[in-house]
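Visitor: I am new to reading sheets in a protein model. Could you walk me through this one?

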Amino acid sequence: MTKKILPKYVYADRGYVRFIRRSRGMSVMMKEEPGSPEFWDHYNRLLKGRPAPAPVKRNFEALILSYFESDAYKKLKPRTQADYRKYIEHIRSIWGSKDPQKIETQHIYELHRANADRWRQANYLVQVMVILMNHARLIGFLKKEHGNPAKGIPLFKQKGEGWEPWPDDVRAEFEKVATPRARLVYELCLGTGQRIGDIVEMRWGHIKDGAYDFTQGKTDKPMWIPLTERLRAYLGTVEKKGLTVITDKAGRPSRYHNIAHEMRKVKAKMEHPEAEKYVTHGLRKNATIELYLAGCDDEMVKAVTGHSGVEMLKKYGGPIRQRELATRAQDARNRFEQNKDRT
């Protein structure tokens with residue numbers, strides 16, 4: 001749907017259309033099909049400044065529209081909004097006309113199991129359903145006694161310890177064959193230990209006095225991280241083309257999906273037989289492991305990576321964390337025994 005075929009003040013928005021008249025402070029989502037009698041009736045009401053008629057049907061279409069208009073949705077980060085929209089669109093495609101009260105736990109459980117071959121996506125569907133059904137209760141689509149049918153569904157467990165850190169041989173080959181932009185992403189992820197989303201948003205202005213001063217996109221946590229000597233030296237070789245550290249050829253900020261595609265493309269050309277299985281987020285795990293190997297404790301590691309709890313550090317640090325902590329603990333114990341013998 002393009003703007004050319006829509007009437008004045010009407011714009012495409014997330015698969016629907018929205019009436020926006022800024023002079024009157026109006027911004028209203030329209031669920032009617034453009035061109036239909038219902039659409040023109042609603043449009044003419046809005047032109048006259050009249051409120052839209054209350055929805056007569058209680059279904060997922062109305063629920064989703066209401067959620068998109070809610071403060072809870074509007075306060076989400078743009079990246080999170082985009083993720084939610086993707087899964088909400090799937091839910092709308094299968095249950096759009098259904099009454100939320102008719103959806104029971106067993107139906108959501110079946111939806112979860114139907115996507116078992118993609119465990120992460122399956123889990124995300126359930127998590128989004130929890131949010132939608134909670135909103136359904138808030139707007140009266142579900143009665144309090146019904147509870148939230150999406151809650152309590154056991155999620156698929158991630159196999160292993162999460163993202164795999166890149167082995168030395170994979171790292172060595174990647175450093176040799178990577179494009180300049182892919183290598184820059186690699187160095188930033190490894191040197192700062194941050195998520196790729198924050199790396200893409202990184203600006204030269206965030207680097208002050210040899211440190212990366214920013215706010216994490218996912219957690220809203222203010223962070224100040226001194227650059228490693230390796231990263232400081234590498235950035236000294238990078239041309240400043242724009243406001244962001246990572247740019248396209250014209251110096252404009254790069255998009256996350258373009259970066260992810262380029263990283264995959266480099267790994268696809270590598271000779272290492274398993275290069276493609278190591279994802280960019282795994283470099284965050286490499287950084288965590290290196291911090292433990294350097295003798296850092298949990299609080300020091302969290303100060304760099306921004307992890308909020310020890311459970312995530314266990315996942316990222318893995319056996320390395322346990323060995324390093326155990327070594328320091330036993331060294332302390334030995335020193336205690338030696339001091340005791342001297343007294």
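Guide: Gladly! Here an open sheet of three strands runs in the order S4-S5-S6, with antiparallel pairing. Strands, like helices, are DSSP runs numbered from the N terminus (E, at least two residues, for strands; H or I, at least four, for helices). Two strands pair if DSSP finds at least two bridges between them. The edge strands are S4 (207–208) and S6 (222–226), each pairing on one side only.

Guide: A word on the model: it is predicted, so local features need pLDDT of at least 70 and side-chain atom pairs count only at pLDDT 80 or more, while totals for chains, interfaces and linings use all residues. Residues are numbered from 1 along each chain as its sequence is written, and side-chain values use heavy atoms, leaving out hydrogens and water.

Visitor: Over how many bridges do S4 and S5 pair?

Guide: Two bridges join S4 to S5 (residues 211–215), in the antiparallel sense. Ile-207 has Tyr-212 in S5 as its bridge partner.

Visitor: What is the order of the strands in the other open sheet?

Guide: That three-stranded open sheet reads S1-S2-S3, with antiparallel pairing. S1 (10–13) and S3 (26–30) each have a single partner strand, so one side of each lacks a neighbour in the sheet. From one strand to the next, the twist averages 30 degrees.

Visitor: Which helix packs on the sheet?

Guide: Helix H1 (residues 37–47) does, touching S1, S2 and S3. Contact means heavy atoms within 4.5 Å. The direction of H1 makes about 170 degrees with that of S3; axes are lines fitted to C-alpha atoms, for helices over the stretch in contact, and angles run from 0 to 180 degrees between N-to-C directions.
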